[in-house]
Amino acid sequence: MMAFISVNQVSFAYNGKSVLDQVSVAIPKGEILWVLGPNGSGKTTLLKLILGFYRPDAGTVLVNGCPVLNLPSRILARDIAYVPQVHHMAFSFRMLDVVMMGRIPHKPFFFRYSKEDEHLAESAMARLGIVHLKNRPYTAVSGGERQLCLIARALTQGARTFVMDEPVSGLDYGNQIRLLTIIQSLAQEGYTFIQTTHFPDHALWMDGQVLMLKNGKVVREGSAENAITRTSLSDLYHLDMDVTQTRSGIRVCVPDALTSQIKKKSRTDTSNDQTKEGRNRQSGFVLIKSKKGDKGKWGRDMSM
Ligand code: ADP
């Protein structure tokens, strides 16, 4: 499949300090690209280069075969929506007004919003479960709700490509999962997503392509299934990890440090139970457990 966005051998430095070194990645339409890497590895900078905010020191970024830096910003804004990590607004616009701002790239210099704009904005808010907040000031909602508002604005913009910086990081667990399912259904409708994340599990659950960055270099890329492994994650985060499969077939990442703590705790619990059991058997009581892992209840030993 032809790449919709291609990053070719891109290098970039802030004030002489190299941040990205010969990074290449090709993203076809309708694909989800997950950019993983420790803090400071260059993920946000890569997104900004893809959006044409910065000029690479070397290499090129092409959108639909055209250098992103040659595309007029208005045209780019219609095709690609950016959802930043933190976003502050000086004025207390209503949430609905912020979402409607997504229509600006479609408007002439002087304009009024139409009923159609309002309808598009409200349906995007409904899709993200925040339509009840439409009259609340943007400055008086939680960070997570603001994040959902920006995603609704991106949908209203009509862009078919979303570039998102850690989109789920400020969301509660329910909203994280809801947003992931929205992303998945939009990708199935042909939308393209390029997003950074600190949750490799999300890439495993939703599939797509993975790009792992470390110190500004690509250390691994490929399908989530192939790229997210015990070895690649352990190398990326300097943390021993396991990637294991649940009974329902979903793969999850489990840090070894947690596994050994839990094993130690369950060994201690079992040996405490056994000591108590020994003491109480003599007095005619046994620990009765209804299922494995159950703490159990002490009852009369009927075998005595
Ligand atoms: P990540 O998103 O992986 O955390 P960033 O792309 O934000 O990484 O940053 C990569 C490196 O570039 C970091 O060392 C960061 O401090 C530096 N950096 C980011 N933005 C700027 C900037 N505007 N000016 C100077 N250095 C920056």
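Visitor: How many bridges join strand 7 and strand 8, and in which sense do they pair?

Guide: Strand 7 and strand 8 (residues 192–196) are joined by five bridges and pair in the parallel sense. Within strand 8, Thr196 stands opposite Asp165. Keep in mind that this is a predicted model.

Visitor: Which strands make up the sheet, and in what order?

Guide: The order is 6-7-8-3-9-10, six strands in an open sheet with mixed pairing. Strand 6 and strand 10 (217–223) are at the edges with a single partner strand each, so one side of each has no neighbour in the sheet. On average, neighbouring strands of this sheet are turned by 15° against each other, direction ignored. As a general idea, side chains in a regular strand alternate between the two faces of the sheet.

Visitor: Where is an antiparallel pair in this chain?

Guide: Strand 11 and strand 12 (residues 251–255) run antiparallel and are joined by five bridges. Val243 is opposite Cys253 in strand 12. The two strands form a hairpin with five residues between them, and Gly249 in the turn has a positive phi of about 95°.

Visitor: Now the helices. Which strands does helix 1 lie across?

Guide: Helix 1 lies across strand 3 (32–36), strand 7, strand 8 and strand 9, and runs at about 150° to strand 8.

Visitor: How many of the residues of helix 1 are buried?

Guide: A residue counts as buried if 20 or more other C-beta atoms lie within 10 Å of its own. Six of the eight residues of helix 1 are buried, so this helix is largely enclosed by the rest of the structure. The buried ones are Lys43, Thr45, Leu46, Leu47, Leu49 and Ile50. After helix 1 comes Gly52, with a positive phi near 75°.

Visitor: Which residues surround the ligand?

Guide: Tyr14, Val19, Gly37, Asn39, Gly40, Ser41, Gly42, Lys43, Thr44 and Thr45 surround the ligand. Helix 1 (residues 43–50) gives the most to this shell, with three residues. By type, the shell has two nonpolar, seven polar and one charged residue.

Visitor: What is Gly216 in contact with, apart from its neighbours within four places in sequence?

Guide: Gly216 is in contact with Ser18, Val19, Leu20, Asp21, Ser41 and Gly42. Gly216 lies in the loop between strand 9 and strand 10. Gly216 counts as buried because 22 other C-beta atoms lie within 10 Å. In sequence Gly216 and Ser11 are 205 residues apart, but in space they are 8.6 Å apart, C-alpha to C-alpha.

Visitor: How do I check the length of a helix, for instance what span helix 5 should have?

Guide: Helix 5 (residues 143–156) has 14 residues, which at 1.5 Å a residue should span 20 Å; the end C-alpha atoms are 20 Å apart, so the two values agree. Helix 6 has 16 residues and reaches 23 Å from its first C-alpha to its last, close to the 22 Å expected.

Visitor: Is helix 5 largely enclosed or open, and why?

Guide: The general idea is that an α-helix has 3.6 residues a turn, so residues three or four places apart point the same way. In this case 12 of the 14 residues of helix 5 are buried, so helix 5 is largely enclosed by the rest of the structure. Among the buried residues are Leu148, Cys149, Leu150 and Ile151. Their cover includes strand 6 (80–83), helix 3 (95–100), helix 4 (115–127), strand 7 (161–165) and helix 6 (173–188).

Visitor: Which residues other than glycine have a positive phi?

Guide: Asp207 is one of them, with phi of about 70°. Asp207 sits in the loop between helix 7 (200–206) and strand 9 (209–214), and is partly exposed, with 15 other C-beta atoms within 10 Å. His238 is another, with phi near 55°. His238 is in the loop between helix 9 (230–237) and strand 11 (241–245), and is exposed, with 8 other C-beta atoms within 10 Å.

Terms used
Residues numbered from 1 in each chain as written. Predicted model: local features only at pLDDT ≥ 70, side-chain atom pairs only at ≥ 80, totals over all residues. Near = placed C-beta within 6 Å. Helix = DSSP H or I, 4+ residues; strand = E, 2+ residues; numbered from the N terminus. Nonpolar A, V, L, I, M, F, W, Y, C, P; charged D, E, K, R; others polar. Expected span 1.5 Å × (residues − 1). Contact = placed C-beta atoms within 7 Å. Pairing = 2+ DSSP bridges. Axes fitted to C-alpha atoms, helices over the stretch in contact; angles between N-to-C directions.
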